[in-house]
Amino acid sequence: MGYVELNVLNNTVPAPAPQVALGIDLGTTNSLAATWREGRPSVLRPDGRSGLVPSVIYFPESGAPIVGREARDHAVVDPRNTLFSVKRFMGRGLADVAQELATLPYAATENERGLIQLEARGRRYAPEELSALILRKVHDVASTALGEKAPTKCVITVPAYFDDAQRQSTRDAARIAGLDVLRIVNEPTAASLAYGLDQRDKGHVAVFDLGGGTFDVTILSIEDGVFRVLATNGDTHLGGDDFDQRLANLARTALGAEHGDELTRDPAFQQAARQAAEHCKIELTNQPEAELHLMVPHKRIAWRRRVSRDEFEALTADLIERTLDSCRRALSDAKLTAGQIDEVVLVGGSTRMPVVRRRIAEFFGRIPHTELNPDEVVALGAAVQAQILMGGRRDMLLLDVTPLSLGLETMGGAVSKIIQRNSTVPCEATEGFTTYADDQTGIDFHIVQGEREMARDCRSLGRFKLKGIPPMPAGMPRVAVRFHIDADGLLTVSAKEQSTGISAHIDVQPMHGLTDSEVEGMLKSGYANAVEDFAARRAADLKTEIGTMVLATEKNLNAGRAGLDKESIRDLEDALRDAKVAVQQDDVKALQRARDEFERAALPLAALLMNNVAQKALMGRSLGDV
Ligand code: AMP
């Protein structure tokens with residue numbers, strides 16, 4: 001299995017695609033883009049670098065926000081202004097995420113509509129706005145890798161357990177970033193696509209995703225190229241970080257006994273312990289023994305201890321057990337046994353650990369797919385889906401499923417489910433309702449999403465009213481309520497009274513989504529920032545250029561002084577001084593002027609130096625050599 005399989009996807013030799021689209025894995029810790037190139041999906045890596053963009057945003061004191069690797073480095077020094085894990089807040093209210101917030105160093109509030117906002121440098125940002133910054137960076141990296149502007153059409157992946165509001169938030173983020181979303185795809189579906197599993201006529205797939213901070217397992221069924229989520233389970237607070245923590249505890253216990261709590265509470269110690277632990281863990285993936293090596297220079301501590309793979313596995317056995325418990329629950333929800341799973345796919349960096357691979361193989365009784373890089377498999381699958389959508393083969397894999405049931409609140413606050421979870425979209429269903437009081441002329445409809453029985457335990461999606469029913473005895477009117485979900489997942493609910501034909505309808509916007517005007521506002525500020533971003537980049541380039549010129553001039557001016565006239569020297573010294581002033585500011589125009597002026601004033605010195613070099617080169621050579 002692997003890349004070659006993908007060439008025969010759809011049983012046709014793919015003609016050169018008229019246009020390509022990006023596949024984007026918008027992750028909690030890292031994001032990545034891939035696209036279809038030369039008949040297969042490939043990750044977009046600029047100059048052979050990894051292409052992974054850490055999903056981290058740093059807000060400097062002035063200037064545009066910094067996204068990615070550079071931003072991640074700021075998390076240690078300026079944690080309050082470095083936002084990460086934004087994906088956990090997409091489409092959520094404060095109450096949904098109270099637990100997450102308690103563990104994070106930055107502040108969050110709710111706006112008047114109950115939407116969460118994260119704070120940095122005294123400004124509030126919607127999670128969609130922050131995700132848009134990450135998406136824009138991913139797009140920039142993709143453009144660098146392609147050597148031209150990357151396509152704006154894209155497929156973006158989300159966890160299978162994301163509800164409607166979280167999916168809508170993801171779409172909004174893409175819109176703010178100037179991207180055109182062809183489809184939101186479940187991450188496990190994408191991982192299965194990357195392995196070409198859609199080619200099976202029928203079967204069951206388990207996708208086991210263990211990343212840095214989150215874990216989920218999803219059971220999918222495939223039938224004629226359509227993936228259906230049967231069950232998903234997991235823990236949004238379990239991942240590689242917990243494995244690191246167990247190793248870091250070894251250091252904490254040993255050094256705490258020797259140096260006391262003051263040391264183990266020191267943030268620099270904690271950071272060093274985390275890094276040493278992760279390093280040791282990764283070494284243990286490749287070799288049976290490794291060293292846990294911790295240095296805290298300002299405390300004059302250099303500590304080493306050898307750890308065997310067996311010891312590491314014993315220290316983390318309960319974490320592996322927790323993942324297997326989730327697998328058991330997911331199988332039970334899907335009403336399947338481990339033996340009925342035909343394919344197992346591993347996703348996420350932590351599935352490189354040999355113990356994960358071994359225990360999963362034992363649990364499912366089959367060797368899991370590990371041929372593709374577990375950090376890239378979701379983006380690769382998104383690129384496969386993007387290629388299929390762009391190639392016009394809309395018959396395949398286009399079908400997605402609703403993650404949660406949709407229904408109406410009935411008398412007494414119960415829920416009548418109209419579209420069941422896991423229904424393939426597009427789909428529709430109609431159900432009959434009537435009045436409960438004599439001469440009732442209107443009915444209020446409350447649309448909810450979720451699996452719970454009572455409306456108050458489900459997510460409210462919207463309300464609308466059917467008015468103008470002629471007065472009739474209770475139970476007489478016949479109102480047909482139709483739920484329709486289109487291929488893009490947009491829900492429309494309509495109600496029609498059969499005897500009179502009066503009707504009403506609503507296009508459902510998830511309550512936790514942004515309003516159109518909010519998205520528009522963010523789009524505008526996105527464009528405004530784009531100008532700012534460009535100016536900041538230009539200023540930085542000019543400063544580097546001037547800095548190099550200043551250094552070279554200072555180095556050579558004394559040597560060249562004797563060969564230059566007084567006026568040229570004064571001119572150059574003036575330009576040098578002005579350039580040094582200009583680099584203190586971010587004014588692009590002033591920087592450009594200073595650079596041009598400096599270049600002009602440095603010409604006589606440059607000419608002199610060139611002359612000297614040429615003379616030296618000629619020295620001792622006869623004319624015949626030249
Ligand atoms: P992800 O969120 O999928 O990028 O996964 C990141 C997690 O994978 C981090 O906890 C890493 O320490 C872990 N990881 C990456 N490479 C390895 C490896 N070779 N062995 C064990 N864990 C790894």
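Phe312 sits in helix α10, which spans residues 309-315. The model is predicted. Phe312 has a relative accessible area of 3%, so this residue is buried. Beyond its neighbours within four places in sequence, Phe312 is in contact with Phe243, Leu247, Lys281, Leu284, Val307 and Met353.

**The ligand**

Lys281 leads on to the ligand. There are 15 residues around the ligand. Those that come nearest are Gly212, Glu278, Lys281, Thr285 and Gly349. Which helix gives the most residues to the shell? Helix α9, residues 267-286, does, with 4 residues.

At least three residues come from domain 1 (22-239 + 319-399), and at least three come from domain 2 (240-318).

| Residue | Protein atom | Ligand atom | Distance |
|---|---|---|---|
| Thr285 | polar side-chain atom | nitrogen | 2.6 Å |
| Gly349 | backbone N or O atom | oxygen | 2.9 Å |
| Asp375 | polar side-chain atom | oxygen | 3.4 Å |

How much of the ligand does the protein bury? Taken alone, the ligand exposes 510 Å². The protein buries 83% of that area.

Thr285 deserves a separate look. Thr285 belongs to helix α9. Its polar side-chain atom lies 2.6 Å from a ligand nitrogen. Not counting residues up to four places away in sequence, Thr285 touches Arg309, Arg352, Met353 and Pro354. Met353 is also in contact with Phe312. Ser350 is 65 residues from Thr285 along the chain, and their C-alpha atoms are separated by 9.7 Å.

**Two further buried residues**

Thr170 is placed in helix α5, residues 164-176. Is Thr170 buried or exposed? Thr170 is buried, because its relative accessible area is 2%, and buried means under 20%. Leaving out residues up to four places away in sequence, Thr170 touches Leu26, Met90, Ile156, Val158, Phe162 and Ile184.

Ser405 is found in a loop. That loop runs between β19 (400-401) and β20 (406-409). Ser405 has 1% relative accessibility and therefore counts as buried. Its contacts, apart from neighbours within four places in sequence, include Lys417, Ile419, Gln420 and Arg421. Val448, Gln449, Gly450 and Glu451 are also in contact with Ser405.

**Positive phi outside glycine**

Arg300 has a phi near 50°, a positive value in a residue other than glycine. Its place is the loop between β16 (289-296) and β17 (301-308). Why does Arg300 count as exposed? Its relative accessibility is 79%, and exposed means over 50%.

Asp439 is not a glycine either, and its phi is positive at about 60°. Asp439 lies in the loop between β23 (427-433) and β24 (442-449).

**A partly exposed helix position**

Ala535 is part of helix α14, which covers residues 516-561. At 31% relative accessibility, Ala535 counts as partly exposed, because that class lies between the 20% and 50% limits. Ala535 and Lys589 are 54 residues apart along the chain. Their C-alpha atoms are separated by 9.9 Å.

**The whole chain**

The chain has 626 residues, and buried residues make up 50% of them. Its secondary structure consists of 17 helices and 28 strands. How much of the contact set with a separation of 6 or more links residues 24 or more positions apart? The share is 64%. The accessible surface of the chain comes to about 29,800 Å². Carbon and sulfur atoms hold 51% of that surface.

Key. Residues are numbered from 1 along each chain as its sequence is written. This is a predicted model: local features need pLDDT of at least 70, side-chain atom pairs count only at pLDDT 80 or more; totals for chains, interfaces and linings use all residues. Side-chain values use heavy atoms; hydrogens and water are left out. A residue is near a molecule or strand if one of its heavy atoms lies within 4 Å of it. A polar contact is a pair of N or O atoms within 3.5 Å; within protein, one must be able to donate a hydrogen and the other to accept it, and residues adjacent in sequence count only if both atoms are side-chain atoms. Accessible areas come from the Shrake-Rupley method with a 1.4 Å probe; for residues, only the protein chains shown count as cover. Helices (H or I, at least four residues) and strands (E, at least two) are DSSP runs, numbered from the N terminus. Domain bounds come from an automatic or database domain assignment. Buried means under 20% relative accessible area, exposed over 50%, partly exposed in between (1.4 Å probe, protein chains only). Contact means heavy atoms within 4.5 Å.
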